[in-house]
Amino acid sequence: MQCALYDAGRCRSCQWIEQPVNDQLAAKMNDLHTLLAGQAVEAWCAPVSGPEQGFRNKAKMVVSGSVEKPLLGMLHRDGTPVDLTDCPLYPDSFAPVFAALKPFIARAGLTPYNVARKRGELKYLLLTESQRDGGMMLRFVLRSESKLEQLRAALPALQAQLPQLKVITANIQPVHMAIMEGEQEIFFTEQQALAETFNGVPLWIRPQSFFQTNPTVASALYATARDWVRALPVTHMWDLFCGVGGFGLHCATPEMTLTGIEIAPEAIACAKQSAAQLGLTKLQFQALDSTQFATAQGDVPELVLVNPPRRGIGKALCDYLSQMAPPFIIYSSCNAQTMAKDIANLPGYHIARVQLFDMFPHTAHYEVLTLLVKSGS
């Protein structure tokens, strides 16, 4: 992939961009082999990759510069701003939105927040696109509520110019720290969730709910988990750290009892909406801490699927899963280092299969899906 921003030394986020994609995949596979060197792996599945560029469905843009000439992108550690609207990771459909937002910021009087001076209002713009119909969600992250009415008054013209904007919100983030969003979300549109579809499964994206940023590879990840689960003798499963329910909704059948747990209420609302659309009455989604939920249960499902954040599931949940001893565990990880540590804390299980998913091309990061089977099962 060619990137003018990288060539000019303005952005180094894609640290592996000079390596051919096949070499990147080989390096990631070597890393995964090294991390799991102490484990017996029955089957190494071929890695899954997607497009080299234009694959992201989300842009998180720091707003800097002046109200007349805003910059959308990022700040270097020394405070130097870089405009990233030409980043080749974004699809072509983002370009007209970025182009319209720059003059809109001036019309709405949204002064970019100055980190050094602790002045200004507009901190970030967050843009998300649905692959289903091209609909978009736009979020303005503001320091306070002082410009809300100006923003509300200016929005009709923007919506007429960009009818693809289906969900528009303001998020209030008053803290002077590098925190992406605050707790308060204010909707300017009647529609409050972006409709998405992966593999025929309806999914919903709400503000403040995590959603994968590489739809092509994420679709393959969910489909793979579905195929693995359908091949197992499973009628009862847990989906821990379930997010908007992508894994559980793919894996569930009308006969299966499934409980999905996620600490974020917005994500659980999405999962419930999808389950209702699919008519799956034996699915239950709850906004709880996954470890606290699991360790408080008395019944033992046949399968526990975990998809934790980068820190992994931790020793407490590993110890409980070892004690509970479900026949199968599927571990989806965005940090293979913590996954390897967790698997080492799951004695009595062996790795039946493992597969790498290149969700983040041109970087060292990747996702991995692992099927653990209890010895003797």
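Mentor: Buried means under 20% relative accessible area, exposed means over 50%, and partly exposed is in between (1.4 Å probe, protein chains only). The model is predicted: local features need pLDDT of at least 70 and side-chain atom pairs count only at pLDDT 80 or more, while totals for chains, interfaces and linings use all residues. Residues are numbered from 1 along each chain as its sequence is written, and side-chain values use heavy atoms, leaving out hydrogens and water.

Trainee: What makes the link between the side chains of Thr-80 and Asp-78 a polar contact?

Mentor: The distance is 2.8 Å. A polar contact needs N or O atoms within 3.5 Å; within protein, one must be able to donate a hydrogen and the other to accept it, and residues adjacent in sequence count only through two side-chain atoms. Leaving aside neighbours within four places in sequence, Thr-80 is also in contact (heavy atoms within 4.5 Å) with Met-74 and Leu-75.

Trainee: How do you know how many disulfides there are?

Mentor: A disulfide needs two cysteine sulfur atoms within 2.5 Å, and by that rule the count is zero. For Cys-45, the nearest cysteine sulfur belongs to Cys-251 and is 15 Å away. For Cys-251, the nearest is that of Cys-242, 12 Å away. Cys-251 has a relative accessible area of 0% and is therefore buried.

Trainee: Why is the aromatic pair of Phe-104 and Phe-140 called tilted?

Mentor: Rings of Phe, Tyr and Trp (its six-membered ring) pair if their centres lie within 6.5 Å; planes under 30 degrees apart are stacked, over 60 edge-to-face, and the rest tilted. The whole structure has eight aromatic pairs. Phe-104 and Phe-140 are 5.9 Å apart, centre to centre, with 45° between the planes, so the pair is tilted. Phe-104 lies in helix α3 (residues 95-107) and Phe-140 in strand β5 (residues 136-142), so the pair ties together parts 36 residues apart in sequence. Both Phe-104 and Phe-140 are buried.

Phe-198 and Tyr-222 are also a tilted pair, at 6.0 Å and 35°. Phe-198 is in strand β8 (residues 194-198) and Tyr-222 in helix α5, 24 residues apart.

Trainee: What makes Phe-198 count as buried or exposed?

Mentor: Phe-198 has 2% relative accessibility, so it counts as buried. Tyr-222, at 7%, is buried as well. Ring pairs link Phe-198, Phe-211, Tyr-222 and Phe-247 into a cluster.

Trainee: What makes a set of residues a nonpolar core?

Mentor: The members are buried Ala, Val, Leu, Ile, Met, Phe, Trp, Tyr and Cys residues joined through side-chain atoms within 4.5 Å. The largest such core has 48 residues, and Met-237, Leu-283, Phe-285, Ile-330 and Leu-369 touch the most other members. Helix α5 (residues 215-230) gives the most to this core, with seven residues. Apart from it lies another core, of 46 residues, including Ile-17 and Val-67.

Trainee: How do you know that the charged end of Arg-12 sits over the ring of Tyr-6?

Mentor: The rule asks for NZ of Lys or CZ of Arg within 6 Å of the ring centre and within 35 degrees of the ring normal. Arg-12 is 3.9 Å from the centre of the Tyr-6 ring. Lys-374 lies over the face of Tyr-349, 5.4 Å from the ring centre.

Terms used:
Helices (H or I, at least four residues) and strands (E, at least two) are DSSP runs, numbered from the N terminus.
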